[in-house]
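Let's take a walk through this protein together, going from the whole chain down to one residue. Keep the 3D view open as you read.

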Amino acid sequence: MRRLIVLGSGDAFATGGRHTTSFLLDAEREGYLIDCGVSTLVRLKQINYPISNLRGIFLSHFHGDHFGGVPFVLLSLMFESASNESFFITGPRGVKSKIEELQELMYPGTGSFVQDLGIEFIEYDQKWQRMDDITVKALPVMHDPASSPHGLKFKWNDKMLAFSGDTQWDYNLIELASKTEVFITECNNYERNSPGHLSLNTLEENSSKLDSNRIILSHMGRDVLELKRCPFERLYDGMEIPLW
């Protein structure tokens, strides 16, 4: 059985003491990260997850709270993992150069490690793309354009899971959520719409368009976290979601 482990469900400000965005798709001896915020390696160590089990990383966009943890994970793969399995990183256009530049910036002199690890870099093309036994489709959403924001939809056989990434309301969210078992969506604000982020009010107004069996909120600001009653489920760090 696959399960989704919430490593981090917080925003860029660690609101509520939550870790930065990262989810672990776990299937016994194989694991895949969906986003890799700066606290990802810490969280993997806290749950005693073997780094050698990781096979790849799916990135929604290039903001630090979503991909800033990649250099730490790569260093761990290089020095702590005995695995010789192939490893991929998939993301928006330019993902290879972004990761190499970040690696060198964070740990000068280690940029060559990325090449030594033999990582396969794959760019999204808005079509279904297969990596191992996972098929992913990435669609552009509305966030900071410089970060190349995308929402991600994953498929195994006839089951699907989707993640909005960071975005304000965008009609691509309708396609992302369509016929999914689980749809994880950001919800940074309660009433106020802010550029690049969703409010709870906007989600409620458009929820009838989101054809998912289970809608769960992530990347929440304080006003959403502190609501006594919420019309949707809210993620929390350490939450485990059985998939199939």
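This is a predicted model: local features need pLDDT of at least 70, side-chain atom pairs count only at pLDDT 80 or more; totals for chains, interfaces and linings use all residues.

## The whole chain

Among contacts (heavy atoms within 4.5 Å) in the protein chain with a separation of 6 or more, 61% are between residues 24 or more positions apart.

Residues are numbered from 1 along each chain as its sequence is written, and side-chain values use heavy atoms, with hydrogens and water left out.

## Parts and overall size

The protein chain has eight helices and 14 strands. These are DSSP runs numbered from the N terminus: helices are H or I with at least four residues, strands are E with at least two. The radius of gyration (taken over C-alpha atoms) is 17 Å, close to the 18 Å from the globule rule (2.2 Å times the number of residues to the power 0.38), so the chain is as compact as a globular protein of 244 residues. Its C-alpha atoms fill a box of roughly 50 × 35 × 35 Å along the principal axes.

## A seven-stranded sheet

Now look for the open sheet, whose seven strands come in the order E7-E8-E9-E10-E11-E12-E13, with mixed pairing. Two strands pair if DSSP finds at least two bridges between them. Strands E7 (129-131) and E13 (233-234) are the edges, each pairing on one side only.

At the E13 end, strand E12 (residues 215-218) runs parallel to E13, and two bridges join them. Here Ile216 stands opposite Glu233 in E13.

## Two crossing helices

How do H3 and H4 sit relative to each other? The axes of H3 (residues 70-79) and H4 (residues 95-106), lines fitted to C-alpha atoms over the stretch in contact, come within 9 Å and cross at roughly 80° (angles run from 0 to 180 degrees between N-to-C directions). The two helices are therefore roughly perpendicular (65 to 115 degrees; under 35 is roughly parallel, over 145 roughly antiparallel, the rest oblique).

Val70, Pro71, Phe72, Leu74 and Leu75 in H3 meet Ile99, Leu102, Gln103 and Met106 in H4.

## A residue in a loop

Finally, find Thr167 in the loop between strand E10 (159-163) and helix H6 (172-177). Is Thr167 buried or exposed? Thr167 counts as buried because its relative accessibility is 0%. Beyond its neighbours within four places in sequence, Thr167 contacts Val141, Met142, His143, Leu173, Glu186, Gly196, His197 and Leu198.

How values were computed
Buried means under 20% relative accessible area, exposed over 50%, partly exposed in between (1.4 Å probe, protein chains only).
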